[in-house]
Amino acid sequence: MFEPGKTDIGRQGVHVMRQASIITIAAALSAGAASAQYTSVHSAAWGEANHAQILSSALGGSFASATSKDYSNGTIYADRIKDSSWISPTDQIWNAGTYHATMVGHEAGYTHTFGYVEGNKNNLGSFTGVLRSDELGSSATVSLDSDFRWAIKNDQQFGGHLFTSRDNDNPDCDDHMVSYKLFKNGDLFGYALFFEDLKRCSDKDYNDVAVILTLVPAPQAAMMGLTGLGGLGLLAGRRRRDSI
Ligand SMILES: [Ca+2]
Ligand SMILES: [Ca+2]
Ligand SMILES: [Ca+2]
């Protein structure tokens, strides 16, 4: 006997199933594409602080994983920035602006100078040093009127290599900096930068040099009391560890 209702339900069921398969495939594809856009960070070596621990000591509270890549202490959200992408901004070239930089982490046997290379040309000779990795808690304000790359330079006795936030600048064409946007109550107030100081056979722990940037408010905003962080002062007392 012909039962139109049953047939319709059957067709609808097939339609729903097809839709579900398409959604599953799309989700799998986007998950694959998304992970390729983020450089992998390996576990910190024994005795070294990882990103969550460095963020906790720099910003206060206890940072824990919020997603597979992001961290939060309940008040501040550290949102990982893409390292490579065809369509979205990444952490390779930075916009002109005024940034207050504080050295907050140094989990390495090497010592380094943190700074920047102005512009986006092949001008690596124009590296400008800002902070020393072995002076935790030190800070400086950087004001740049054009695009630039953040960078670290290993001290001469450790090879003297310069690594910038742009992969193609680096002697191994690899990514030597991963970074996070920092949000408080939904407002962007700064960034966290984490550098890797080893070429090629790098351990990729990206904790060798860590810097917190706070956006320097426009004078009007400063007068209204919209200032940066409270916890950074605590860092002055933190001692570096003698580990690799
Ligand atoms: Ca990167
Ligand atoms: Ca390393
Ligand atoms: Ca390290």
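**A guided reading of the predicted fold**

In this predicted model the mean pLDDT of the protein is 82, and 74% of its residues reach 70 or more, pLDDT being the predictor's confidence in each residue on a scale from 0 to 100. Over residues 1-17 the pLDDT is below 50, and beyond near neighbours in sequence this stretch has zero contacts in the model, a contact being a pair of residues whose C-beta atoms, placed from the backbone, lie within 7 Å. Over residues 222-244 the pLDDT is likewise below 50, but that stretch has 40 contacts beyond near neighbours in sequence. Because the model is predicted, local features need pLDDT of at least 70 and side-chain atom pairs count only at pLDDT 80 or more, whereas totals for chains, interfaces and linings use all residues. Residues are numbered from 1 along each chain as its sequence is written, and chains are lettered from A and ligands numbered from 1 in the order in which they are written.

The secondary structure comes to three helices and 12 strands, where helices (H or I, at least four residues) and strands (E, at least two) are DSSP runs numbered from the N terminus. Of the 244 residues, 30% count as buried; a residue is buried if 20 or more other C-beta atoms lie within 10 Å of its own, exposed if 12 or fewer, and partly exposed in between, with C-beta atoms placed from the backbone. Among contacts between residues at least 6 apart in sequence, 62% join residues at least 24 apart.

β12 pairs with β4 in the antiparallel sense over six bridges, two strands being counted as paired if DSSP finds at least two bridges between them. In that pairing M103 has V211 of β12 as its bridge partner. Six bridges also join β12 to β11, and these two strands run antiparallel, with G190 standing opposite T214 in β12.

Leaving aside residues up to four places away in sequence, V211 touches A101, T102, M103, V104, F114 and L193.

Helix α2 (residues 51-59) contributes H51, I54, L55, A58 and L59 as buried residues. Seen down the axis of α2, these buried residues fall within an arc of 105 degrees, so they line one face of the helix, the arc being that of the directions from the helix axis to the C-beta atoms. After α2 comes G60, whose phi is positive, near 90 degrees.

Strand β3 pairs with β2 in the antiparallel sense over two bridges, and Y71 stands opposite A78 in β3. The hairpin of β2 and β3 has three residues between the strands, and in it G74 takes a positive phi near 95 degrees. β3 also pairs with strand β10 (residues 177-184), in the antiparallel sense and over five bridges, with R80 opposite Y180 in β10. In a regular strand the side chains alternate between the two faces of the sheet. β3 has a covered face, made up of I76, A78 and R80, and an uncovered one, made up of Y77 and D79.

Elsewhere, four strands form an open sheet in the order β6-β5-β8-β9, with antiparallel pairing. β6 (128-132) and β9 (162-164) stand at the edges, each with a single partner strand, so one side of each is left without a neighbour in the sheet. Strand β5 (residues 112-118) pairs with β6 over four bridges, and F114 stands opposite L131 in β6.

Most residues other than glycine have a negative phi. C173, in the loop between β9 and β10, has instead a positive phi near 55 degrees, and with 10 C-beta neighbours inside 10 Å C173 counts as exposed. K204, in the loop between β11 and β12, also has a positive phi near 55 degrees, but with 17 C-beta neighbours inside 10 Å K204 counts as partly exposed.

Key
Contact = placed C-beta atoms within 7 Å.
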